Amino acid sequence: MAPQRQRRHAKVREQRRDFAHRLTTGWARAHDLIAFEDMDIRPFTRSRLAKSVTDAGWWMLRQMCSYKAQRNGGMYAEVKTASTTQQCPECGRTAYPPLTLKDRTYRCPCGHTEDRDVNASVNILGRAP
Ligand SMILES: [Zn+2]
């Protein structure tokens, strides 16, 4: 790789790291509990989603959240991913038919309706110890 290109890559890497530090410091200060999905990103790294998943610095974010939560007297947890998108946090039902990636809203027969990602987040928090 050309030296100029290497410098550009190093600069972008440093900007991402700086952003991740600011983000995770804010989270650790504002919240007693930070929960992540224990998501195996390896399948994504072989797919078209690879760039966005690796760009997100998933591992770096998790690592920073873990030590910063502990440092601030909070808790950090990783929970199993199974059905976090498919489950209703109100009544416990599992979506049928299952939501596909195109379904952006979770709608349960019990009346609970929520954005797909918010619904999954509520389930993740609910599973944290
Ligand atoms: Zn429900």
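## A serine in the loop

Serine 83 sits in the loop between strand 2 and strand 3 (helices, H or I and at least four residues, and strands, E and at least two, are DSSP runs numbered from the N terminus). Although serine 83 is not a glycine, its phi is positive, at about 65°. Serine 83 counts as partly exposed, with 13 other C-beta atoms within 10 Å. For the cut-offs, a residue is buried if 20 or more other C-beta atoms lie within 10 Å of its own, exposed if 12 or fewer, and partly exposed in between, with C-beta atoms placed from the backbone.

That loop between strand 2 and strand 3 (105-107) also holds proline 97. The peptide bond leading from tyrosine 96 to proline 97 is cis, with omega near 0°.

## What kind of model this is

This is a predicted model, in which local features need pLDDT of at least 70 and side-chain atom pairs count only at pLDDT 80 or more, while totals for chains, interfaces and linings use all residues. Numbering runs from 1 along each chain as its sequence is written.

The protein has a mean pLDDT of 88 (the predictor's confidence in each residue, from 0 to 100), and 87% of its residues reach 70 or more. Confidence is highest in strand 4 (residues 113-115), at 97, and lowest in helix 3 (residues 50-55), at a mean of 57. Where pLDDT is low, the predicted coordinates should not be read in detail.

## Overall layout

The protein has five helices and four strands, and along the sequence they follow the pattern α-β-α-α-α-β-β-β-α. Buried residues make up 14% of its 129 residues. Take the contacts between residues at least 6 apart in sequence (C-beta atoms, placed from the backbone, within 7 Å): 59% of them join residues at least 24 apart.

Helix 1 has 28 residues, which at 1.5 Å a residue should span 40 Å, and its end C-alpha atoms agree at 41 Å apart. The expected span here is 1.5 Å times one less than the number of residues.

Arginine 13 belongs to helix 1. Arginine 13 is exposed, with 11 other C-beta atoms within 10 Å. From arginine 13 to glycine 57 the C-alpha to C-alpha distance is 9.7 Å, although they are 44 residues apart in sequence.

## The nonpolar core

Nine residues make up the largest nonpolar core: Ala28, Ile34, Ala35, Met64, Cys65, Ala69, Tyr76, Ala120 and Ile124. Such a core is a set of buried Ala, Val, Leu, Ile, Met, Phe, Trp, Tyr and Cys residues joined through C-beta atoms within 7 Å. Strand 1 (33-37), helix 4 (58-71) and helix 5 (116-127) each give two or more residues to this core, and helix 4 has the largest share, with three.

Leaving out residues up to four places away in sequence, tyrosine 76 touches Ile34, Cys65, Ser66, Ala69 and Gln70. In soluble globular proteins, nonpolar side chains tend to be buried together.

Helix 4 runs for 14 residues and reaches 20 Å from its first C-alpha to its last, close to the 20 Å expected at 1.5 Å a residue. Its buried residues are Met64, Cys65 and Ala69. They cover an arc of only 120° around the axis, which puts them on the same side of helix 4 (the arc is that of the directions from the helix axis to the C-beta atoms). Helix 1 (3-30), strand 1 and strand 2 (75-79) are among what covers these buried residues.

The face of helix 4 turned away from its buried side carries the exposed residues Trp59, Tyr67, Gln70 and Arg71. Tyrosine 67 counts as exposed with 12 C-beta neighbours inside 10 Å. Tyrosine 67 and threonine 24 are 43 residues apart in sequence, yet 9.8 Å apart in space, C-alpha to C-alpha. Just after helix 4, glycine 73 takes a positive phi of about 80°.

Methods. Two residues are in contact if their C-beta atoms, placed from the backbone, lie within 7 Å.
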